[in-house]
Amino acid sequence: MTKTSIEYADENITVYPAPCPLKCKYCWSNQPIWIYRTRHADPVMDAMRLAKSHFDKIIVVSFTTDPYQPRESTEHLAREVLGILAKGENQSHRVMVLSKSCLMEGDFPFFKLWHDHGFDIWVGTTLTSVIQIPDEPLTSNPHRIVMLQRAHNLGLPTWASIEPWIPDKTFPRQIIEATHEFVDWYVIGRLNYVKRLRYPEVPKGYYKEETIKTVVLLRSLGYEISQKPRKKGFWLKKELVTNP
Ligand code: SF4
C-alpha cells in the first residue's frame, strides 16, 4: 500500500505488481522503478489494515497497474480486496475503483450489493477519447464508456479520469459531452514525459486554452470544481494548471 501523491486520494492499493499487461503506450508500469516498487505488493494485507483504520480515507484501487487485468478472471484478487474493504469496521472510507478492463463489469453485482449496504464505492475508468486509440491496443474507450453508463444505471457513483490528455487524440469536451449524463466526477490531467514517450511536442499554451474551454463546458453542465470526488464535480490536476 502506498500513500499517494495524487491530489484527490489518500491511499492506493496495488492489486497486481507491475508490469501491467494492458500495454498502453504512455504507461510507466513497465518501467524498472514501478516493477521494483510494486514487487512485494500485498493487497490483502493492505486492505485488512485499512478496513480497521479509524481514519477515513479516499482509497484508489489502483493507480499503479490495472486491478482487473486478465489474471483477475481466475485469481479474483481485486474482488477480494474490495470485499475486505466493504465488510471492514470502517465504513466511512471512499473507495475509487479505477480500471480500463471490461472484467470490472463482472463484479458490478458485488459493487451494487456493497453499495446498497452503505459502502461508498465509486466505479471509475480512464477515458482518452470516445473512440479506440492505437495507444491503448488492448482496451477500448467505447467499451469503457458503456461500462460507466451501466454502473450509473445500477445506481453506482461513477468517475472518469481524462488523462493522459494526448493532443490530436484526446478531446475532453467531446468526452464530457458524450458522458456527462452518467459521470458524477471528472479529473483531468495532461500528457507527461512527452519527449521520453516520443509523442509530438505540445504547442505552448495549448493546454491552457483548451482547459479554459473545458471548464466553461463543465460549468454550463452544472459541474463545480471539487478536489474530492462528489456528484457534479470536477478537478484539474496540478500538472495541468501549473504546466499549461
Ligand atoms: S491499464 Fe493502466 S496500468 Fe495498465 S498499461 Fe494501461 S495505463 Fe498502464
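Two strands pair if DSSP finds at least two bridges between them. Strands themselves (E, at least two residues) and helices (H or I, at least four) are DSSP runs, numbered from the N terminus.

This is a predicted model, in which local features need pLDDT of at least 70 and side-chain atom pairs count only at pLDDT 80 or more, while totals for chains, interfaces and linings use all residues. Residues are numbered from 1 along each chain as its sequence is written.

Strand β7 (residues 185-188) and strand β9 (residues 233-236) run parallel, joined by four bridges. Look at Phe-234 again: this residue of β9 is also the bridge partner of Ile-225. Strand β8 (residues 224-225) runs parallel to β9, with two bridges between them.

**View B. Strand β3 pairs with β2 and with β4.**
Strand β2 (residues 11-12) pairs with strand β3 (residues 58-61) in the parallel sense over two bridges. You can find Asn-12 opposite Val-60 in β3. Strand β4 (residues 94-98) also runs parallel to β3, and four bridges join them. Here Ile-59 stands opposite Val-95 in β4.

**View C. Helices α2 and α4 pack together.**
Helix α2 (residues 43-52) packs against helix α4 (residues 77-86) at an angle of about 15 degrees, their axes 8 Å apart. (Axes are lines fitted to C-alpha atoms, for helices over the stretch in contact, and angles run from 0 to 180 degrees between N-to-C directions.) The two helices, α2 and α4, are therefore roughly parallel, a label for angles under 35 degrees. Pro-43, Val-44, Ala-47, Met-48, Leu-50 and Ala-51 of α2 meet Leu-77, Glu-80, Val-81, Ile-84 and Leu-85 of α4; contact asks for C-beta atoms, placed from the backbone, within 7 Å. By class, this contact of α2 with α4 has 10 nonpolar, no polar and one charged residues. (Ala, Val, Leu, Ile, Met, Phe, Trp, Tyr, Cys and Pro count as nonpolar, Asp, Glu, Lys and Arg as charged, and the others, Gly among them, as polar.)

**View D. Helices α7 and α8 pack together.**
Helix α7 (residues 172-179) and helix α8 (residues 206-220) pack at an angle of about 15 degrees, with axes 9 Å apart. That makes α7 roughly parallel to α8. Pro-172, Arg-173 and Ile-176 of α7 make the contact with Lys-213, Thr-214, Leu-217 and Leu-218 of α8. By class, four of these residues are nonpolar, one is polar and two are charged.

Methods: Parallel < 35°, antiparallel > 145°, perpendicular 65-115°, else oblique. Contact = placed C-beta atoms within 7 Å.
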